[in-house]
Every structure is written in C-alpha cells, then in structure tokens.
Amino acid sequence: MSAAESVGMREDRRPHDDVAALIPMLRRIIEARVDDAATADDLVQETLVRVLAAAARVEPGMLEPYAIVTARNVVASMWRDQDRHRRNQHRVVDLDLPDPPDQDLLANEERTAVAEALSRLTDRERATLLAHEVSGQDTRSLAAEQGSTAGAVAAQLNRTRARLRVEYLLVQANVEPPTERCRPVLLALSGGDRRRQREVDAGRHLLECDVCARLSQPLMERAQPRDDEVRIPISTDADIVAARQAARELAARLGFARTELTLIATAVSEVTRNIVRFAGTGEVVVELVDRPRRGVQVTARDTGPGIPDVERALTDGYSTYSGLGLGLPGARRLMDEFAVVSEMGRGTTVTMTKWCGER
Amino acid sequence: MTGPKLVSILRQGSWLIASIHTALDDTQMVLFQQDLIEQIGRYRSRGVVIDVAALDVLDSFGARTLRTMAEMARLRGAETVIVGIQPDVAFAMVSLGMDTGSVPTALDLEEGLAYLARPGGRGPGHRGSAAG
C-alpha cells in the first residue's frame with residue numbers, strides 16, 4: 001500500500017495532509033543513506049507510520065523536524081540490526097546435518113554386525129568386555145572377581161577388542177577368511193602387535209591374500225602412524241627410485257654417513273629391481289630399528305615365482321637376465337645383515353639391515 | 001616427456017656433452033642411451049662426455065647401461081668418458097663388486113674434455129672430409 005492512500009483514508013485530514021507532504025523529503029533523506037531502493041521504500045513507509053502515529057502529539061510546525069529525526073533513527077536502527085545480525089550469524093548455522101534417508105538401515109546393519117561379532121567371542125570374553133565397557137566396571141574389581149590382576153584383565157580386554165574388530169569386519173564384509181592364516185594375521189594387525197605380526201608374517205600374507213588386504217585397511221588406519229617406517233608398493237621401475245630415495249631419507253635421520261646412505265640406497269635399488277624384474281609386484285618396507293643396535297632394516301617382499309636355488313642366486317655372476325649377476329650378492333656385501341627366504345610359487349622375502357655407528 | 005628435462009645432450013664441435021640432471025629410473029636410463037646413440041650418428045660426434053654427478057646411486061643396472069653406452073658409442077666411432085662419479089657412489093660401486101675398468105673416467109667435466117682433447121685423442125675438430 002502506499003502511504004498516500006492510507007493517509008487519504010483517515011477522517012481527520014489536516015495533519016495527514018501535512019504528513020503526505022513530507023514524503024518526498026523523507027524519501028530523499030533515506031535514499032541518501034540506503035542504497036537498495038526496495039529497502040529505502042520500506043524505511044520510508046516505516047517512518048511514515050511512526051510520524052502518523054505521533055502526528056497528533058507533535059506541536060504544529062514541528063512535524064517536519066520530527067519526521068527528519070524519525071527517518072534518521074529508522075535508518076540507524078536498521079544499521080544496528082544488520083550489524084547485530086552479522087555478528088550473530090554464525091550462531092544460526094545448523095551444524096547438525098539432516099538425517100540421510102538410509103541412516104536407519106545402516107544403523108540397523110551396524111547393530112546386527114556388532115551383535116554377530118559379539119556372539120563370536122567366547123562367553124567369558126563377552127562377559128568381561130560388556131562388564132567393562134557397558135556397565136563401567138573397572139579392571140581392578142574385574143580382576144578381583146576373576147582372581148587375576150588388573151594388568152592381566154586390561155591385556156585380556158585389549159585382545160578381546162582386537163578380536164571384536166576383526167569379527168566385526170568379517171561380518172560386515174560378509175566373508176569367511178579364505179585360509180586358516182587369515183584370522184591370526186588380522187588379529188595381529190588389529191591388536192597392533194608388531195612382534196606377533198612378524199611371527200605370522202603379516203606383510204607377506206597381505207600381499208598374497210586379497211580378502212585380508214581389503215579387510216586390513218581399516219585396521220591399518222587405526223594403528224598409530226609411525227614415522228620410523230615407510231612402506232613403498234613396488235610395481236614399476238620408477239618405484240625402484242622411490243624406494244631407494246625413501247630408504248636414504250629415513251636412514252639419514254639416524255645419522256648415517258653419506259657414504260653409508262649411498263650403500264643402503266644402492267642395496268635397496270638392487271633388491272627392488274629384483275622384485276620388478278622377476279615378480280612384477282611387491283613391496284619394500286624400510287624401518288628404523290633400535291635393537292640390538294640402532295640401524296635401518298629393509299624388507300623386500302614379492303609374490304613372484306620364487307628363487308629355485310637361493311645359494312646359487314647369492315653367488316657372484318649368477319644371473320637369469322642380462323644383468324651383471326650382482327643383484328643379491330652385491331646387496332649382501334653392501335649391508336651388514338642379509339637374509340633371503342624364498343618359496344617356490346609363493347615368493348621371496350629379502351631382509352637386510354645396516355647398523356649405524358661403530359661395528 | 002613432460003616436466004623438466006631429466007637429461008640434456010649438448011653439442012660442442014664434434015663432441016657431445018650429456019648431463020644427467022636427476023636420479024633416473026631404468027626406463028629413463030634406456031631412453032637416454034637410445035637418445036645419445038642416435039645423436040652420435042646425427043652429429044657425427046667423435047667424443048662423448050657423460051656427466052653423472054647428479055646420480056644418487058649407480059647400481060648394477062646403471063653401471064651396466066653406462067658401460068653399454070660407451071661400448072655402443074665406440075662401435076659408432078666415438079670415444080666416451082664418464083665424469084662426476086661422486087665419492088660415495090664410487091665407494092658403493094666398489095663395495096657392490098662392480099667391474100668398472102673398461103670405460104675411461106675423469107673427475108669432472110673439465111677433466112673429461114681435457115681427456116678427449118689429449119694428444120692422440122679425439123680432437124674437437126670435425127671428422128675428416130671423407131666422412132663429411
């Protein structure tokens with residue numbers, strides 16, 4: 001509606017005509033302060049409403065200054081509002097996303113999987129775990145009940161959790177582990193027990209078993225990221241360069257001399273090339289060790305055909321491609337410790353170590 | 001090949017100066033070999049200096065490729081000298097048990113060029129008019 005109409009409809013015409021006469025001036029005042037035409041229009045209307053409401057109270061002749069002040073106030077209060085709005089806008093954001101339509105379904109699957117995984121634990125494991133996690137019973141009182149120590153109960157709980165994670169993943173992926181080695185490997189990975197992982201040769205199993213390679217992803221991500229270990233998947237000869245540079249970088253942190261770093265890099269280059277040449281794919285793991293002494297250990301694994309005669313392969317000049325036949329024996333000379341384990345049809349693992357410091 | 005050049009082969013008179021700028025993998029090494037042999041023919045080069053100062057490692061494959069290159073160059077009528085083998089790389093090569101005897105080497109580019117220019121060596125001039 002326009003102000004003029006509303007003014008016209010009033011019965012007492014005198015003061016309203018005065019107000020109507022003010023409109024062009026008010027428009028000028030407000031438009032000088034507000035850019036947006038629509039907003040300016042709104043503010044003019046608002047000012048008019050206020051002036052009209054007060055018109056009866058205002059002394060004759062004072063209506064114009066009154067209207068001017070009112071217009072300014074209206075603009076100022078709009079600015080104030082805008083400012084407050086800007087300052088508080090971040091509070092308005094709704095951080096909770098709306099529930100996705102499949103949420104119920106997923107939650108249900110999740111519940112079923114956890115329940116199924118729980119049912120695969122032994123009764124005792126389940127009872128202890130639930131008492132601790134759900135009922136909040138502490139390890140000491142659990143230990144008292146079981147006639148054990150708090151430390152032992154905590155360790156047992158850790159093992160149970162590790163098992164629960166593995167069973168949960170198996171249920172969720174809806175697979176049975178294809179070999180009898182799968183469970184121990186997954187358990188060792190889930191528990192983050194590096195000694196156990198070595199015992200069951202987890203690295204090799206993950207190269208061989210697709211199911212475990214897939215299932216172990218979340219378990220590996222769980223593990224604390226280690227900055228003293230690098231894992232390089234090997235498949236092309238560009239990876240040879242990547243592996244030897246990674247080894248050099250990691251070993252440099254131990255304070256190896258430049259010469260020794262080059263020895264290590266050369267040895268890594270040789271064994272990694274064997275993977276590319278003979279096996280196609282594999283992985284190289286470089287890790288820093290501190291027992292029995294500080295040093296760098298390189299493990300090169302592949303799932304290739306295996307070496308028929310390891311003794312001969314370690315002899316100088318034995319070569320099955322047109323190399324110098326220096327690969328394995330050369331690498332052995334460059335490092336302090338060197339071991340090759342090869343199984344026909346299953347692959348080869350080369351483990352070599354260079355100790356840091358005095359020999 | 002995209003990105004910065006891994007290897008540059010410059011021509012100076014009848015010599016080629018090949019510099020490796022970064023660690024090369026096997027494929028790049030073989031490409032470099034082919035490139036160099038091709039250029040020896042194209043520029044009728046009589047001497048080649050290969051600067052390997054930027055190589056972090058000269059393993060058995062790298063060393064064998066260099067030796068093959070030198071031998072191929074020799075068969076194409078050019079003499080090769082390898083320069084810039086870093087001390088630690090040299091140590092690793094010896095420790096590895098590599099036989100590195102047959103290819104002439106020099107400390108750096110300057111020495112390498114001096115070697116090619118030695119009396120009785122392959123001088124910087126172009127090949128005889130019979131060939132050109």
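1. Let's start with Arg44(B), which is partly exposed, with a relative accessible area of 41%. As a guide to the words, buried means under 20% relative accessible area, exposed means over 50%, and partly exposed is in between (1.4 Å probe, protein chains only). Arg44(B) is found in the loop between α1 and β3 of chain B. Helices (H or I, at least four residues) and strands (E, at least two) are DSSP runs, numbered from the N terminus. Although Arg44(B) is not a glycine, its phi is positive, at about 50 degrees.

2. Before you go on, please note that this is a predicted model, in which local features need pLDDT of at least 70 and side-chain atom pairs count only at pLDDT 80 or more, while totals for chains, interfaces and linings use all residues. Residues are numbered from 1 along each chain as its sequence is written, chains are lettered from A and ligands numbered from 1 in the order in which they are written, and side-chain values use heavy atoms, with hydrogens and water left out.

3. Arg46(B) also lies in the loop between α1 and β3 (47-51) of chain B. Arg46(B) is partly exposed, with a relative accessible area of 24%.

4. Asp201(A) is not a glycine, yet its phi is about 55 degrees. Look for Asp201(A) in the loop between α10 (194-199) and α11 (202-208) of chain A. Asp201(A) counts as partly exposed, at 28% relative accessibility.

5. Now for chain B as a whole. Its secondary structure comes to four helices and five strands, and along the sequence these follow the pattern β-β-α-β-α-β-α-β-α. Of the 132 residues of chain B, 47% count as buried.

6. Two strands pair if DSSP finds at least two bridges between them. Strand β4 (residues 79-83) of chain B runs parallel to β5(B), and two bridges join them. Across this pairing, Ile82(B) stands opposite Thr105(B) in β5(B).

7. In chain A, strand β3 deserves a look. Eight of the eight residues of β3 (residues 295-302) of chain A are buried, so this strand is largely enclosed by the rest of the structure. In a regular strand the side chains alternate between the two faces of the sheet. Here, Gly295(A), Gln297(A), Thr299(A) and Arg301(A) point one way from β3(A), whereas Val296(A), Val298(A), Ala300(A) and Asp302(A) point the other way.

8. Which strands are joined to β3(A)? One is β2 (residues 282-289) of chain A, which runs antiparallel to β3(A) and is joined to it by eight bridges. A hairpin leads from β2(A) to β3(A) through five residues, and Leu288(A) has Val296(A) as its bridge partner. Another is β5 (residues 347-355) of chain A, joined to β3(A) by seven bridges and also antiparallel. There, the bridge partner of Ala300(A) is Val350(A).

9. A search of the whole structure finds one cavity of 30 Å³ or more. On a 1 Å grid over the protein atoms alone, a cavity is a set of points where a 1.4 Å probe fits but cannot get out, and a pocket is an open set with protein on both sides within 12 Å along at least five of seven lines; lining residues have an atom within 4 Å of a point. Grid points are joined across faces, edges and corners, and a volume is the space filled by probe spheres set on the points. The largest cavity has a volume of about 80 Å³. Its lining includes Arg244(A), Arg273(A), Asp25(B) and Phe61(B). Helices α1 (26-42) and α2 (60-75) of chain B each supply at least two lining residues.

10. The largest pocket holds about 1100 Å³ of space. Of the 37 residues that line the largest pocket, the closest to its centre are Leu189(A), Arg194(A), Gln197(A), Glu229(A) and Arg231(A).
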